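Colleague: I would like to learn how to read a structure like this. Where do we start?

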Amino acid sequence: MRKLAAIMFTDIVGYTALMGNDEQKALQLLQKNRGLLKPIIEQFRGEWLKEMGDGTLSSFASAVDAVNCALAIQQVLKDDPDLKLRIGIHIGDVVFEGGDVFGDGVNVASRLEPLAEPGGICVSERVYEDIRNKAGIEAASIGEKTLKGVENPVKVYTVTAMGALPRKPAWPSITNRSLWTKAAGMVVVAMVAVAAVILFPLRERDTHEVAVPRLGEKSIAVLPFANLSDSKEDEYFSDGVTDDIITHLAKIGDLKVISRTSVMLYKDSPKSLRVIADELGVSNILEGSVRRAGDKVRITGQLIDARTDEHLWAESYDRDLADIFAIQSDVARKIATALKAILSPEERQRLEQRPTASTAAYDYYLRAYDYERQGNERKTLEIASDLYQKAIAVDSSFAQAYARLGLNHLRIYWYGYDRTSQRLAMAWEAVDKALRLKPDDPVVRVANGYYYYWGSRDYARALEEFYFAQRVEPGNGLHARNIAYIQRRLGKFEEAVVNQKIALEYDPRSSRRTEELGATYRVLRRFDLAEQYFDRALELAPDNWLPYISKAGLQVYRTGNTKSARQLLAGALRLADPSQFSWTLVDFDIEDSRYSDALARLTSIPEDVWIGQRWFTPKDAYVGWIYKLMEKPEEARRHHEKARVLLEEKVREDPNDARVHTDLGKVYAHLGLADEAIRESRQAVDGRNQPARGGFQAGIGQAG
């Protein structure tokens, strides 16, 4: 088949020399290159054609897609000291034949690539004509070049990303729950404002349709398996079977598998399979049922091409409960066969692995995971932890149970319920045990990644763990989400956007994933895109309070005016939990100098201390600040002293909690105690708990 296509050729800088010096490292670099490039190419509607040594060949329907893809790749790799690429792009006639591709487009692209600088992109004049004057792209001529095997000289251009200059150095006031710090931190706010204008200049208005992408022929959604057991309480078991089948399929790199969050929205849904497939962007649907009776289980499944209603595979399993893992593995293999997906030997081996030999331990595990998914309330997390402990008591070699137990301890720590070193030690003890048992399991490596992320703020190591898990489970979009979290922490927001979009492809009905992408666009000051994603998040979950607050905050960012934000939240109060908006409305009252309203609203809030991931703020600290703004110094001092007593007691209880040091430092600043305020601020910055990692190297060394 002959067609016109934009061809992109990439090559790893210095690969040949590395291969001669360190073959194992070179092969690891090759695998890393493949793992990074494939999802980005797909994100820009490209087709991965083949690898040639350390080179890759891809095709695109347009030059703009190809160039934007190349820019995204180089942006992701810009700070990677080991992996540098040269990229060449040309448009021309190509012939697709027998799984290979030939023609002018391929030849010229491969000859342009060596002309690029390490980390650079070279394109032909034909590509340049299509991308010139496109927003965000800048090209510069490097003259005519004679290319080997090409009859006539070719005009060559280098391509770089370009951001528009700010039209005005504006920085509207920032509204959030820590607004009370304004009086103590105006210098910091000013520095952040200047940095934001420099680093994230205003852009032209973004127009972007927030749509569900199509994931291709080998994409699949596993709908929640129906619980046909006599007991309704067995719902957790049928949901667990659904989850495990999704997990098995996600290990197959040739498949794209929708995440659990999105598919669970279709539990007992009356919608047709075709409508569900369209909403999820997939071609195939797996549905089935689970019936458990004593130590017997019956599982049925059928795979349907949702576009044609064709049944691609169906089977029933009547087995002992002990065979549950063999059933899940068999389902995954047969779906791969039905969809003509390629299974590597390593993937086949992973599909055969059993998490535990005990059905009783597995039952506790599924019950625990069911609680864990219900939310991040402390009581829920502690119930889940207790159930994981029971699973471990039955099977002390159950690595995934240890890993999820560690994650629950980390959530209790991260969300501020217990920031003690003892809680962090409990988390590490569980994660370390999991690593020693199964160092190559993706659940274990994700738990280890979150220990580095939440426990010790070692973002580089966390990123390594999340990349490892992604290589083992390439079809699990949650790994791209985790990677994006770390990239945001490192200030790599453009790279985070790429991974957040990948995560959203795998989880297109997730209000949370959608809102998070909008939040990243807000940091990048791409306000139109941020608003579109916040609106989409509200469309997906009208009762979810977080997108309302995000959108309200965005409106204040853009205009400095709370009027429209207040109107939005007034409407939200009818749909979502009103208590979630109280502190934000207090902030708006303070922003608008409506101090009496703020005090009245604070009185209606039952909590005496506002506890969260990044704060431990007594209500009296807020009240004291408001009285200070009202120029009532005696009242302000009285409330700040009450807050001081509470915070000093909390510091004595837990001297390693940076949140408490932060808020105590602010209270000291309001009380005019400058030396004490500086001391607490330094404690907050320097005193974060960095626990020793015991026998970590012994546990992880074998996993690479």
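**The nonpolar core**

Modeller: Of the 134 residues in the largest nonpolar core, I73, I89, F237, L249 and L286 touch the most other members. Such a core is a set of buried Ala, Val, Leu, Ile, Met, Phe, Trp, Tyr and Cys residues joined through side-chain atoms within 4.5 Å. Buried means under 20% relative accessible area (1.4 Å probe, protein chains only). Helix α3 (residues 63-77) gives the largest share of this core, 10 residues. Helices are DSSP runs of H or I, at least four residues, and strands are runs of E, at least two, numbered from the N terminus. This is a predicted model, where local features need pLDDT of at least 70 and side-chain atom pairs count only at pLDDT 80 or more, while totals for chains, interfaces and linings use all residues. Residues are numbered from 1 along each chain, and side-chain values use heavy atoms, without hydrogens and water.

Colleague: What is I73 in contact with, beyond four places in sequence?

Modeller: Contact means heavy atoms within 4.5 Å. I73 meets M8, L37, I40, I41, L85 and I87. A second, separate core has 15 residues, including W583, I605, V623 and A636.

Colleague: How do I read a buried charge such as D11?

Modeller: Look for a salt bridge: a side-chain nitrogen of Lys or Arg within 4 Å of a carboxyl oxygen of Asp or Glu. D11, in strand β1 (residues 2-12), has none. The nearest side chain of opposite charge, R86, is 5.1 Å away. Beyond four places in sequence, D11 touches D54, G55, K84, L85, R86 and E113.

Terms used. Buried < 20%, exposed > 50% of the residue type's maximum accessible area, 1.4 Å probe, protein only. Lys, Arg positive; Asp, Glu negative; His and termini not counted.
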